[in-house]
Amino acid sequence: MEKRVVFSKLGLPILLVAPQIVITLVFFIWPASQALYQSLLLEDAFGLKSQFVWLDNFIALFSDPHYLNSFARTVVFSAATAGLSLGVALFLAAMADRVLKGATAYRTLIVWPYAVAPAVAGVLWFFMFNPSIGILAYLLKGLGYDWNHYLDGTDAMMLVILAASWKQVSYNFLFFLAGLQAIPRSLVEAAAIDGARPFKRFWTIVFPLLSPTAFFLLVVNIVYAFFDTFGIVHATTSGGPAQSTTILVYKVFNDGFIGLDLGGSAAQSVVLMAVVITLTVFQFRYIERKVAY
Amino acid sequence: MKPKFLPIAVGATMAVAYAGSAMAATEIQWWHAMGGKLGEKVVEIAEGFNASQSDYKVTPVYKGNYTETMTAAIAAFRAKQQPHIVQVFEVGTASMMAAKGAIYPVYQMMADAGEAFDPKDYLASVTGYYTDTDGNMLSMPFNSSTPVLYYNKTAFEKAGIAGPPATWPEVEAAAKKAQAAGYPCGFTTGWQSWVQIENFSAWHNLSIGTKANGFAGSDTEFVFNSPDHVKHIGQLAEWQKSKVFDYGGRRSESAPKFYGQECVMYMNSSAAYAGVKANAKDFEFGVSALPHWADVGSAPQNTIIGGATLWVLQGHDAEDYKAAAKFFSYLSSAEVQADWHQFTGYLPITTAAYELTASQGFYEKNPGTDVAIQQMTGKAPTENSKGLRFGNFVQIRDIINEELEAIWGGSKSAQEGLDDAVSRGNALLRKFEAATGG
């Protein structure tokens, strides 16, 4: 028989879980249900006139080819951002893990960008890549590449991906580094004695042991790319040129807070919420199986 | 038209801190979107008013750029915490006008407060944008500008170009001469929808939308895909290939192209004057009227404004509105307006302010600063050049931006892009019509 620890009275456990439940209700369930309700309304900006229009907002969305296109763009953007920031962070963490001298200095420097607000990160890259005055655009021109994210959609997409993943590298780095340091040295050393080369050691021992961290970060990064990146797009490309960087969350922000179309924006946020919930469920069901805890 | 991002935290904090000391005075809140130097000027104006009398006190609060300020005011209204006065940019006009229960029309407030107010004192081309169909002024003009052509005089001399081009073919000729003299690009533009579609239309007396550009009803439809518009935009797209024209961003991001002498001509707001003056370090610059096509419409007609006005929001005491009315009288006095106009490059909103500025010899000392005002007042505005009033226009401008970028990038022809912009814009107009009850 399995031994179970149970509370003798109901009061204490309820008290203990209450804060979490309240926070979830106030900061997630309530706003989410508001968004759900709002998405069925057609309302003027001031909230003076409001009509219940059932699913009109959703029908309008899905009959708009531009909205459907932005799905594809979001997939490219999110996959690239998550991939790039995870890859770079893992590489840096693996390197920093082996550094003996000045490790704290390296770590502090790598963590810095996380303190930068998304919009500021965007502006930073925006200036470096500015076709007229940007230093990087100037260097690229020297190499024979005419960088112009005002006209070229691919350039613009690369710019926002770069800015978005640069900011996230620090966060991933911290977790990867902590994960790496939790791996017992003896395992790696034993493999080294058996003649395994660094890459082999990393791939067969370190990486599998790191998989819980990697999985957690994958989920967090996808959520980040889907939800948190509108500031970067807003500050760099405003979704252009010609919609080439209009990702779903930017459209939610732009239609709601700039265009003041609350119903349409709420409908988009409901769609986005559904997409992310599906993705997360999918990740937990299928990818988590490959994770060794 | 130029968005101002720099916060004036110091000024705003001080203004808020002062608010506590003068308990006897009726205090009203003024939310504005003027950052940096302009923000300091706004604080100066409010302090000037506060010092001029002791019954009322205006507290200016910086709320971010235009869209942020408008969004903040609307959110505050929904939460019943609205300011008395809010600065709203011109494309938000239709949204504000449609919010009948939320706004207190300025002409009505001035009458209720018993404050002398004559709309005729104001420049018709400015107020035209903000009056209802019965000719009543709904908001108080504050900062208005219109697009002009800035040109690099030094480069023009080097390339042997006689003077500023008046027509588009002359722009092309000047650009090619400049390119031959080693300058990489002819001209660039800021705010492309405002300059190359909206003002292009007004300047050539062409309609942007039906129903007198939306003034006569919200059941308006866009028509800026006419052959004349297609010709102009198609020509720009053609020029983009040879860098006679070079696109540089949706707002004023193209300015460095002019400052860095990459492009020798630059079309943007007359309020960009101070910025151009500060940044044109290695060359002389001149200001001239927007170019026109001699064979299109009845050009040159007049251009339309951008910028912002002050709206009064409902839900406060009568005494508060008296304060707002007094403040508006102070704000539109010739001295305050002339000072604002000379400092910022925005248009003087009253005839008296214009005349005062002229009599002070400002235009002679600063050649080009009167181009904007002449361009706006040269002819009596027509139905096509009075302004525009379209709902959801903030979003529609984004659509126009997107389609124009597709045209400049070559993925759509001018006809396709403008057709798409018109049909997507019309969908948003219908949505606005439905949301505000027509």
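I count two strands as paired if DSSP finds at least two bridges between them. Strands (E, at least two residues) and helices (H or I, at least four) are DSSP runs, numbered from the N terminus.

**Ground rules.** I am working on a predicted model, in which local features need pLDDT of at least 70, side-chain atom pairs count only at pLDDT 80 or more, and totals for chains, interfaces and linings use all residues. Residues are numbered from 1 along each chain as its sequence is written, while chains are lettered from A and ligands numbered from 1 in the order in which they are written.

**Sheet in chain B.** I looked up how β6(B) meets β7 (residues 263-269) of chain B: they pair in the parallel sense over four bridges. B:Phe187 has B:Met265 in β7(B) as its bridge partner. I then read the strand order of the open four-stranded sheet as β6-β7-β5-β8 (chain B), with mixed pairing. β6 (185-189) and β8 (285-288) of chain B are the edge strands, each with a single partner, so one side of each has no neighbour in the sheet. Neighbouring strands are turned by 20° against each other on average, direction ignored. Axes here are lines fitted to C-alpha atoms, for helices over the stretch in contact, and angles run from 0 to 180 degrees between N-to-C directions.

**Core.** I call a core nonpolar if it is a set of buried Ala, Val, Leu, Ile, Met, Phe, Trp, Tyr and Cys residues joined through C-beta atoms within 7 Å. Buried means 20 or more other C-beta atoms within 10 Å of the residue's own, with C-beta atoms placed from the backbone. The largest such core has 150 residues, and B:Tyr150, B:Met265 and B:Ala324 touch the most other members. Helix α19 (residues 393-409) of chain B gives the most to this core, nine residues.

I checked B:Ala324 next. Leaving aside neighbours within four places in sequence, its contacts (C-beta atoms, placed from the backbone, within 7 Å) are B:Ile28, B:His84, B:Ile85, B:Met109 and B:Val312. Another core, of 40 residues, lies apart from the largest one and includes A:Phe77 and A:Phe226.

**Interface.** The contact between the chains takes 33 residues from chain B and 25 residues from chain A. α19(B) gives the most to the chain B side, with nine residues.

**Chain A.** I find 12 helices and two strands in chain A. The C-alpha trace spans about 75 × 75 × 30 Å along its principal axes. Of the 293 residues of chain A, 35% count as buried.

Conventions
Buried ≥ 20, exposed ≤ 12 C-beta atoms within 10 Å, placed from the backbone. Contact = placed C-beta atoms within 7 Å.
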